[in-house]
Amino acid sequence: MIPGNRMLMVILLCQVLLGESSHASLIPEEGRKKASGLQGRHLDQSHELLRDFEATLLHMFGLQRRPRPSHSAVVPQYLLDLYRLQSGEAEEPGAQETTFEYPERSTSRANTVRGFHHEEHMEQVMSDGPEGGVSPLRFLFNLSSIPQEELLSSAELRLYRQQVDEAGGHVDGEGLHRINVYEVLKPPRPGQLITRLLDTRLVHHNTSSWESFDVSPAVLRWTRDRLPNHGLAVEVLHLNHTPRQQGRHVRISRSLHQVPGEDWDQLRPLLVTFGHDGKGHPLTRRAKRSAKQRGRKRNRNCRRHALYVDFSDVGWNDWIVAPPGYQAFYCHGECPFPLADHLNSTNHAIVQTLVNSVNTNIPKACCVPTELSAISMLYLDEHDKVVLKNYQEMVVEGCGCR
């Protein structure tokens with residue numbers, strides 16, 4: 001049975017099992033008191049069955065257990081914007097201070113995008129460095145939650161740079177700074193980092209925006225080649241700097257020039273990985289979808305019917321960030337003899353229906369999905385990491401007699 005149909009069958013069966021209460025959750029609440037007598041046994045059996053269903057659905061989503069997000073879990077705005085553009089919910093990102101560029105090249109080979117914040121308790125204290133900059137700051141990103149079967153194709157480190165206003169104009173070279181990103185090759189020693197340059201950028205300090213750096217070589221060595229992960233290092237070099245500018249425009253440390261009321265959780269460095277688990281098609285940017293208004297069909301022939309799956313009904317709205325639910329649809333209706341062209345029938349279904357007309361021991365053709373499409377889900381996994389993933393065969397696009 002295809003995964004999409006299995007999910008729909010499970011949810012429908014759950015609704016039947018707990019249909020006696022319109023307010024019943026499809027997943028039993030923890031600590032709920034068990035009813036006594038026959039009703040209690042019936043509820044116990046229903047809850048056990050529902051737990052099995054939940055395990056099946058989680059396995060379909062590639063999760064070992066139900067995620068229980070902590071209160072400190074943060075969903076980066078970048079992944080929210082990426083989800084909205086990729087799923088067709090918006091043509092352009094919402095109004096925001098930073099620019100957003102859709103990573104066409106990276107997503108074309110990936111069906112899974114993951115976001116990682118650095119281990120902040122391991123962060124080193126920055127100090128003044130040579131050439132008007134600061135000494136490289138080392139970041140450690142724990143990538144152990146990436147499944148072994150997921151093959152990464154690329155990775156980027158995103159750093160936020162904040163505008164620094166300065167009176168007067170500037171000449172060539174004034175108001176510029178260079179950002180260097182390195183791979184740390186060996187365990188650091190006091191005052192010494194052995195590194196390899198991964199990417200560099202020369203930028204002006206007069207705008208606020210995110211800068212993306214290609215760190216694929218390092219991340220692929222850590223995940224594909226299983227080499228030790230000693231982290232990344234970021235270095236900011238100021239060209240023709242002034243004391244007031246120094247160190248104030250690249251946000252790579254919570255403790256560095258913290259502004260009251262500033263949302264550090266959304267500005268901190270973000271490592272983004274793009275990978276594929278070998279299942280289904282890569283992420284593709286979709287056009288904004290418009291709601292289709294269709295008149296109600298009263299015929300009983302095979303066709304598509306509405307079925308909205310609400311993740312809050314299965315108690316998953318605490319870890320599924322988006323969408324809150326989706327229109328899955330289902331196929332239902334008769335496949336009468338003779339089969340009309342609009343019923344999208346195969347030659348075999350036509351023959352089977354013909355034989356059924358003279359021999360009722362042979363069943364009629366069945367109304368089943370003939371075309372299915374994917375949905376994208378943005379969620380927090382078991383490790384509080386944010387994941388954007390493409391799931392195939394989740395929406396019925398067409399029905400036919402087969």
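Arg-161, Asp-199, Arg-201 and Glu-211 join up in a network of salt bridges, a salt bridge being a side-chain nitrogen of Lys or Arg within 4 Å of a carboxyl oxygen of Asp or Glu. The model is predicted, so to speak of local features pLDDT of at least 70 is needed, side-chain atom pairs count only at pLDDT 80 or more, and totals for chains, interfaces and linings use all residues. Residues are numbered from 1 along each chain as its sequence is written, and side-chain values use heavy atoms, with hydrogens and water left out.

Arg-201 is partly exposed at 24% relative accessibility, while Asp-199, at 17%, is buried (buried is under 20% relative accessible area, exposed over 50%, partly exposed in between, with a 1.4 Å probe and protein chains only).

The whole structure has 14 salt bridges. One of them links Arg-66 and Asp-318, at 3.0 Å from N to O. Arg-66 sits in the loop between H2 and helix H3 (77–86) and Asp-318 in the loop between strand S11 (308–310) and strand S12 (320–322), so this pair ties together parts 252 residues apart in sequence. Helices (H or I, at least four residues) and strands (E, at least two) are DSSP runs, numbered from the N terminus. Arg-66 is buried, at 12%, and Asp-318 partly exposed, at 40%.

Another bridge, between Arg-84 and Asp-81, spans 3.9 Å from N to O. These two are three residues apart in helix H3, so about one helical turn separates them. Asp-81 is buried at 3%, whereas Arg-84 is partly exposed at 34%.
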